[in-house]
Amino acid sequence: GPDWVGRPCYEIMQGNQQGACSFCTKDQLVKDGRLQPPCVSEVRNARNQRWYQCISKAMWWPDGRLVRLEIAIDITEHKEMERFKDELLSAVSHEMRTPLTAVLGYSEFLMNNPLPTEEQQPLMEILYREADRLSTLINNFLHLQRLKARRESYDFQPTVVAGLFDQAKLTFESRSPKHTLIIDRSGEMLTVLGDPEGLQLIVDNLVSNAIKYSPAGGTVTMTAEKTGDEIVLSVTDQGIGIPQGETGKIFAQFYRVDNTDRRQVGGAGLGLTLAQEIASKHCGRIWARTNPEGGSTFFVALPAVAVPGASALRQ
């Protein structure tokens with residue numbers, strides 16, 4: 001704005017602040033009449049809440065005045081990335097301990113206690129399940145980190161929903177025998193525009209989430225239908241549902257519903273965040289609801305594409 005001449009910098013830059021900033025480096029720029037090296041500091045601006053790296057230096061202006069030059073570099077994204085990494089590492093390292101402890105413990109037991117093949121089988125199944133859980137956690141962590149760092153690229157192409165559902169069914173039905181995975185075939189040949197690998201991650205995370213939050217077992221149903229210019233994919237379970245008022249929060253990174261029943265279910269709170277991030281990159285949206293008869297349904301709306309002979313594109 002124009003009304004800044006002669007006013008203190010903190011009134012203009014910090015949103016009508018009434019006193020000097022606690023982080024001001026003015027007193028460090030000149031000592032005993034001699035100009036000092038530049039001062040570098042990180043500051044959060046009170047007016048726009050963004051972070052800046054400030055480089056301040058006292059210097060003689062051509063007209064003989066001693067002035068202060070400050071260069072402010074916006075580092076907000078860098079600071080947010082640092083915060084995200086710290087939170088992510090904390091959450092993932094915590095959740096890694098459980099499967100890693102199981103893998104090490106059962107491996108050591110098998111090494112030190114030779115057992116008949118039939119007695120080894122249940123222990124090997126536990127080893128595989130915990131190792132797979134660890135692998136999923138690491139993959140979600142790395143993929144989400146790449147998305148946050150904007151280093152993830154996608155190859156958009158027509159992708160038939162059937163392939164996504166079939167792959168998810170193949171992946172998960174053998175991992176959890178007490179769950180029945182059903183594909184509603186009425187809309188399976190609908191085609192969406194997106195990266196097949198990224199879209200598969202969305203479906204896999206929703207199915208994994210449905211299984212995880214249905215600890216007693218039950219049916220997990222995958223459906224798709226065309227609504228206007230969108231294809232809406234849905235995954236429905238018969239699990240413990242989502243408490244009232246929580247459906248808008250569950251996609252936040254690391255968010256876990258603080259409920260005894262749900263705390264018994266492992267996870268770092270990354271799967272739904274990753275699904276939302278990928279859907280957003282595909283110009284899509286994702287939401288959830290608790291069903292009156294029990295369980296939850298998660299929806300993903302993605303841009304539709306009409307492709308002749310869609311079955312040939314089945315992934």
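## A walk from a pocket to the core

Let's start with an opening: the second largest pocket holds about 860 Å³ of space. What counts as a pocket? On a 1 Å grid over the protein atoms alone, it is an open set of points where a 1.4 Å probe fits, with protein on both sides within 12 Å along at least five of seven lines. The volume is the space filled by probe spheres set on those points, which are joined across faces, edges and corners.

Before going on, keep in mind that this is a predicted model: local features need pLDDT of at least 70 and side-chain atom pairs pLDDT 80 or more, while totals for chains, interfaces and linings use all residues. Numbering runs from 1 along each chain as its sequence is written, and side-chain values use heavy atoms, with hydrogens and water left out.

Back to the pocket. Its lining has 26 residues, and C9, Y10, M13, R68 and E70 lie nearest the centre; a lining residue has an atom within 4 Å of a point. Helix α1 (9-13) and strands β3 (39-44), β4 (51-60) and β5 (66-74) each supply at least two of the lining residues. By type, the lining splits into 15 nonpolar, 7 polar and 4 charged residues. Here Ala, Val, Leu, Ile, Met, Phe, Trp, Tyr, Cys and Pro are nonpolar, Asp, Glu, Lys and Arg are charged, and the others, Gly among them, are polar.

Now zoom out. The protein has 7 helices and 12 strands, taken from DSSP runs (H or I of at least four residues for helices, E of at least two for strands) and numbered from the N terminus. Of its 315 residues, 39% are buried, meaning under 20% relative accessible area with a 1.4 Å probe, protein chains only.

Next, head inside. The largest nonpolar core has 42 residues, and V207, M222 and L233 touch the most other members. Such a core is a set of buried Ala, Val, Leu, Ile, Met, Phe, Trp, Tyr and Cys residues joined through side-chain atoms within 4.5 Å. Leaving out residues up to four places away in sequence, V207 touches A168, F172, L181, M222 and V235, where contact means heavy atoms within 4.5 Å.

Look at helix α5 (residues 196-212), where D204 is found. D204 counts as buried because its relative accessibility is 17%. Beyond its neighbours within four places in sequence, D204 is in contact with A168 and F172.

Finally, find G217 in the loop between α5 and β9 (218-227). Is G217 buried or exposed? It is buried, with a relative accessible area of 9%. G217 touches K178 and H179, not counting residues up to four places away in sequence.

Key: Buried < 20%, exposed > 50% of the residue type's maximum accessible area, 1.4 Å probe, protein only.
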